[in-house]
Amino acid sequence: MLLELLLALLGYTGDLIIDQREEQESIGVFLSPNAPISEECTFKLAPDISFIQPSERDVIERLITLGFYYRELDRFATKSRNLSWIRTVNKSPLSRTSEVTTGKKENQSVYRRAIANGIVEVLSVYRSAVLQIEQKLLSDSVPILATVTQGLNKFFVLLPPLYELILEIERDSICGGRLLNLLHKRCHCGVPELQACIQRLLWHGHQVMYNQLASWMVYGILNDQYGEFFISRQANGDTEHDSSQPDMLEKFARMATNDGALADWHLGFHISLDMLPEYIPMRVAESILFAGKAVRVLRNPSPAFRHQDAEYHQHKPRGSQKLQGFVERFSFQKEPSLDKKIGEELLPQIEADKIETMLQDLKESSEFHKRSFECAVDSIRATAASHLWQLVVVRADLNGHLKALKDYFLLAKGDFFQSFLEESRQLMRLPPRQSTAGADLMVPFQLAAIKTISDEDKYFPRVSLRMPSFGISVKSSQVDLPKAKAFSEGDSSVLSDASEMSLDGWDGIALEYSVDWPLQLFFTQDVLSKYRRIFQYLLRLKRTQMELEKSWASVMHQEHTDFAQHRNDRVSYSISHQRRQRFRPMWRVREHMAFLIRNLQFYIQVDVIESQWNVLQAHIQDSQDFTELVGFHQEYLSALISQSFLDIGSVSRILDGIMKLCLRFCWNIENRESSANTVELEHITEEFNKKSNSLYTILRSSRLAGSQRAPFLRRFLLRLNYNSFFEATARGVLNVVRPRPTLPILN
C-alpha cells in the first residue's frame with residue numbers, strides 16, 4: 001500500500017491506484033510525452049478495494065491528485081525540452097515531408113523550453129519531499145497518511161496552479177512574449193510561495209529574452225528561429241503586398257541598387273505587438289529596435305564607404321585641414337589605423353562590452369525591475385545613437401549635404417537658377433514634349449552650371465534634373481494634337497485653351513540628389529520628396545518673378561527703340577507718346593503682380609528658409625543623438641512646408657492661380673500688337689485682383705496670423721499692406737464684384 005501510494009505520487013499507477021485515461025484507451029502502458037494533457041484528474045483508487053475506510057479513501061484521493069499534476073507537468077517538461085528536432089536538419093527531404101503530412105512535427109519554442117526548465121526545478125523539490133517521506137516512513141513507525149499529508153501539504157498550493165498554467169499554454173499554443181505576459185499576470189497573487197515559484201519561471205523566460213536582446217543590441221543579429229521575439233523581420237508577404245503599390249515600386253527599385261543594410265534599416269525589422277510583453281512600454285521597444293538597427297549599420301558598413309574612408313585617411317594631410325563648426329569639436333583624437341576594420345572603429349569593442357555588461361547585470365538579477373530595465377535600454381540606445389551620429393554627421397559630412405540641399409532644392413544659389421531660367425525661357429514658352437523634355441532641359445541646365453558653378457563644388461555632381469513622364473507633364477503633352485489642329489484650322493480659341501493648359505507642363509521639373517551610404521539613413525525617400533515639393537514651388541515662384549521682370553524689360557527696350565527711331569518725326573513721336581499713356585494701367589497691374597510675387601519670395605527665402613536653417617544649425621551644434629537629429633530635420637521640413645502654406649489647400653490653390661495669371665499676363669503683353677488680347681487682359685486683371693485680395697484676407701485671419709505655425713507672417717502682411725492698399729481693396733471682395741479696370745485697345 002505504501003509503495004503503491006508513493007509511486008502514484010510520482011506519476012506511476014498500478015493495481016491499487018489506476019489511471020482512468022489509460023483504462024479507457026486500453027493501452028495498458030505509460031502515456032507518451034506527446035499525448036495531450038488531460039483536462040481533469042484521472043488518478044483514482046481502484047473501485048474493487050474494500051479494506052480502505054471512506055475517510056481514508058478521501059485522503060488518498062486528495063493526495064494522488066498531486067501525482068497526477070506531477071505526471072502532467074513532467075510530461076510537459078519532457079516534451080518542451082525534447083531536442084530531437086535538431087536531428088531533423090540532417091534528415092532527408094522525404095522524411096521531412098512525411099512528418100509534415102502526418103502532423104508529427106510540433107512547433108518548437110525556446111521560451112517553453114526555458115519555462116520547462118523552471119518546472120523541472122519545482123518537480124525536483126517535489127521528488128525530494130516524496131523521498132524524505134519514504135525515508136521517514138521506513139525508519140519510524142508513524143501514521144502513513146498523516147505523515148504523507150503533512151510532508152506534501154505545501155505542494156497543494158503550487159502544483160494545481162502550475163497544472164492550470166501548462167494547460168492554458170498547451171490549449172492556446174502560447175509562446176514567446178505572450179508566455180511572458182501570462183507569467184507576469186500570474187505573479188500577482190496573494191500566496192507568497194506560489195508568487196516565488198511563478199517569478200522563478202518568469203526568470204527562466206527572461207533569460208531567453210536577455211540572450212536575444214544581447215544578440216540584437218550587441219551584435220545586431222536577430223536570434224529568433226521560431227518568431228517569438230518582439231523584434232521581428234518584415235515578412236515577405238507584407239513586402240510583396242506593399243510593392244504592388246506604384247509609389248512603393250520606385251522606392252524598392254532604388255533600394256535594390258543599395259546594400260541590404262539600407263533595406264534592413266527602413267523596411268527590414270519591426271515591432272511585433274503580439275509578442276511584446278505588456279510590461280515593456282512601446283517607447284522602450286522602439287528604443288530596442290533602433291539600437292539593434294544602429295548596431296547593424298555600425299558593424300556592417302557598405303564596401304563603398306570602407307573604400308572611401310580608407311582613401312580619406314590615406315590622402316588626408318595631417319594638420320592641414322580644419323573641420324568647421326561642430327565637426328571640429330567632435331573630430332577623432334587620433335588617426336585610426338588602416339589595418340583595423342571600419343566596423344570596429346564605428347562601434348569600438350569597449351562600447352560593445354559595456355552594452356553586454358549592462359544586459360548581463362539585468363540577466364543575473366533574480367527579479368525583473370522595470371525601472372532598471374528601462375534605464376539600461378535608454379543608455380544602450382543613447383550609446384548607439386551617439387556613434388551613429390558621429391558616423392552620419394562627422395564622417396559622412398551631413399552638414400555639407402544639408403547645405404547642398406539648401407543651395408539647390410531651396411534655391412539658395414539664386415544665380416544658378418536665374419541663369420537656368422533665362423537659358424530655358426524660350427524653351428518653356430512651348431509645351432514640353434514627353435519624349436524629349438528631360439533632354440531639352442539638360443542643355444540650359446548645363447549652360448547655367450558652366451556659368452555659375454565652380455569646379456570646387458563637390459556636391460553639384462550629385463544633383464540631376466528630372467522631368468517625370470507622368471502626372472502634369474503627361475497632361476500638358478496631350479495639348480500637342482489640338483494645338484497643331486488649331487494652327488491648321490485657324491481656331492484661335494482652341495489655341496488659347498491649349499496654351500493655358502500648357503502653362504502647367506513645366507511644373508513637373510524636379511531635382512534628384514544622389515545620396516550614398518550612410519546618409520541614406522537620414523535622407524530617406526520621404527525626406528527627398530518633401531525637398532522636391534518645396535523646390536517645385538520655389539522654382540515656379542522664381543520663374544514667375546523673372547517673367548514679370550523680363551516682360552517689362554522687353555517692352556521698355558522696344559519702347560526705347562521706337563523712340564530712338566521716331567524722335568525726329570513729330571507725328572510718330574506723338575503716336576508713340578499717346579500709346580505709352582494708354583498702357584499705364586497695364587503697367588500698374590504688372591507692378592501689383594511683381595510687388596506681390598517679390599514680397600512672397602522674400603518672405604519664403606528670408607523669413608522662412610533662412611530663419612529655420614539657423615534653428616536647424618543650432619540644433620545640430622547642440623545635439624549628439626542621431627534620433628534627435630532626425631527629429632530636428634523633420635521639424636525643419638515641416639516648418640518650411642507649413643510656413644510656406646503648402647499644406648493649406650485654399651492658400652496654395654490661390655497662389656497657384658496667381659502664378660498662372662502672372663505668366664498669362666506676361667505672355668499677353670509681349671504680344672500686345674494683337675487686338676484680341678484686350679478681353680483676355682481684362683479678365684486676367686480682374687481675376688488677379690480677386691485672388692490677391694482673397695489671399696490677403698485669408699492670411700490676415702486670426703487663425704493664421706495669430707498662430708505659431710507662421711511666426712513671421714505678420715511681417716509679410718505688413719510689407720504687403722504698408723500703405724493700407726490691400727486692406728482697403730479686400731473689404732467685401734468675396735461678395736462684391738468690382739468694376740473691371742479699363743485697358744487700352746492694343747492696335
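Me: Where is valine 443?
Reply: Valine 443 sits in helix 22, which covers residues 437-452. Keep in mind that this is a predicted model.

Me: How many helices and strands does the protein chain have?
Reply: The secondary structure comes to 34 helices and six strands.

Me: And how much of the protein chain is buried?
Reply: Of its 747 residues, 47% count as buried. The accessible surface comes to about 37900 Å², and 52% of that belongs to carbon and sulfur atoms.

Me: What share of the contacts with a separation of 6 or more is between residues 24 or more positions apart?
Reply: In the protein chain, such residues account for 79% of those contacts.

Me: New topic, helix 7. How many residues does it have, and how far does it reach?
Reply: Helix 7 has 18 residues, 155-172. From first C-alpha to last it reaches 26 Å, close to the 26 Å expected at 1.5 Å a residue.

Me: Which residues of helix 7 are buried?
Reply: Among them are Phe155, Phe156, Leu158, Leu159 and Pro160. Tyr163 and Glu168 are also on the list of buried residues.

Me: What covers the buried residues of helix 7?
Reply: The cover includes helix 3 (54-80), helix 5 (110-139) and helix 6 (144-152). Helix 8 (176-186) and helix 9 (192-219) are also part of that cover.

Me: Which residue follows helix 7?
Reply: Serine 173 follows helix 7, and its phi is positive, near 50 degrees.

Notes:
Residues numbered from 1 in each chain as written. Predicted model: local features only at pLDDT ≥ 70, side-chain atom pairs only at ≥ 80, totals over all residues. Heavy atoms only, no water. Helix = DSSP H or I, 4+ residues; strand = E, 2+ residues; numbered from the N terminus. Buried < 20%, exposed > 50% of the residue type's maximum accessible area, 1.4 Å probe, protein only. Contact = heavy atoms within 4.5 Å. Areas by Shrake-Rupley, 256 points an atom, 1.4 Å probe, with all protein chains shown as cover. Expected span 1.5 Å × (residues − 1).
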